[in-house]
Amino acid sequence: MDRYARWNALLEMLTDNGRVSVETAAERLDVSQATIRRDFDQLAQQQMITRTRGGAVANGVSYDLPLRYKTAKHSAEKQRIGAAAAALVTPGTVVGLNGGTTSTEVARALAVRPDLNTSAEGAQLTVVTNALNIANELLVRSRMKVVVAGGVVRPKSFELVGPLGGALLREVTLDVALLGVDAIDPQLGAAAHHEGEAAMNNLMVARAKRVVIIADSSKLGGHAFARICPVERVETLVTDSGAAPEVVEAFRAAGVQVICA
């Protein structure tokens with residue numbers, strides 16, 4: 001297990017339990033206690049946790065982990081979701097894409113499709129995003145037209161939030177918005193932990209003809225602080241095969257097409 005995967009596992013333990021001892025963490029991750037002590041010290045330096053005698057306790061920030069610590073979680077599922085969501089995109093359309101690990105997989109899948117890249121007739125796909133890492137993924141891997149909304153960068157997610165980006169989004173029309181979320185529920189709709197991200201995503205929803213939510217099965221039926229949109233606005237949910245059948249059926253009963261990748 002590399003360092004970032006180990007840190008992700010430690011932060012998940014702290015999120016679940018609130019407190020973890022060096023001894024317990026070393027046992028569960030099958031590494032030395034000295035390694036865990038170094039990990040705890042480095043995470044504490046980054047203000048991700050609070051160090052205690054013999055262990056660590058979670059900070060509130062652990063419930064909204066920075067993007068770089070989330071990449072190891074459900075990675076295979078997110079790759080399948082990314083490919084399935086990208087398959088819904090047709091050449092010549094305008095796509096809205098927000099930030100997050102699942103959205104990153106969508107961007108990577110879009111970037112390798114030759115039919116979506118620039119041809120003699122011009123740009124085959126336009127992507128509007130408020131995430132710096134998504135723009136980078138597309139710019140270095142493809143020749144699509146990439147439009148980046150302005151705003152203030154959230155270091156946790158690399159997303160731009162605030163009124164500057166909102167001004168741009170209000171002036172564009174999207175054929176489809178492909179949105180990663182922190183939670184989606186058949187009754188409560190789609191939501192995010194951070195209100196600024198939710199507001200930007202809500203603007204994408206308002207400007208889109210179609211809304212596709214991309215979320216691994218751990219996000220289904222969950223709750224988050226700020227609502228992005230009601231479930232009635234969601235046309236399609238792309239998730240993984242680990243989704244519980246009764247949850248999938250609840251979304252379908254709410255009028256949402258569900259694709260299990």
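Predicted model: local features only at pLDDT ≥ 70, side-chain atom pairs only at ≥ 80, totals over all residues.
## Contacts of I184

With neighbours within four places in sequence left aside, its contacts are G189, A190, I213, A215, K219, L220, G221, G222, L237 and F251.

## Nonpolar cores

I184 also belongs to the largest nonpolar core, which has 33 residues. Together with I213, I228, L237 and F251, I184 is among the residues with the most contacts inside this core. Helix α9 supplies the largest share, five residues.

As a general matter, nonpolar side chains in soluble globular proteins tend to be buried together.

## Cysteines

How many disulfides does a search of the whole structure find? The count is zero. C229 is in no disulfide, and the nearest cysteine sulfur to that of C229 belongs to C260, 19 Å away.

For C260, the closest cysteine sulfur is likewise that of C229, and a bond is ruled out because the 19 Å between the sulfurs is too far. A disulfide would need the two sulfur atoms within 2.5 Å. The surroundings of the two residues can be stated as well. C229 is buried, with a relative accessible area of 2%, whereas C260 is partly exposed, at 37%.

## The three-stranded sheet

Three strands make up an open sheet with antiparallel pairing, in the order β1-β3-β2. Strands β1 (19-21) and β2 (49-52) are at the edges; each has a single partner strand, so one side of each is without a neighbour in the sheet. From one strand to the next, the twist averages 25°.

Strand β3 (residues 55-58) runs antiparallel to β2 and is joined to β2 by four bridges. Within this pairing, T52 has G55 of β3 as its bridge partner.

## Helices across the sheet

Two helices lie across the strands of this sheet. Helix α1 (residues 3-17) lies across β1, β2 and β3 and runs at about 125° to β1. Helix α2 (residues 22-29) also lies across β1, β2 and β3, with an angle of about 80° to β1.

Notes
Residues numbered from 1 in each chain as written. Heavy atoms only, no water. Core = buried A, V, L, I, M, F, W, Y, C linked by side-chain atoms within 4.5 Å. Buried < 20%, exposed > 50% of the residue type's maximum accessible area, 1.4 Å probe, protein only. Contact = heavy atoms within 4.5 Å. Pairing = 2+ DSSP bridges. Axes fitted to C-alpha atoms, helices over the stretch in contact; angles between N-to-C directions.
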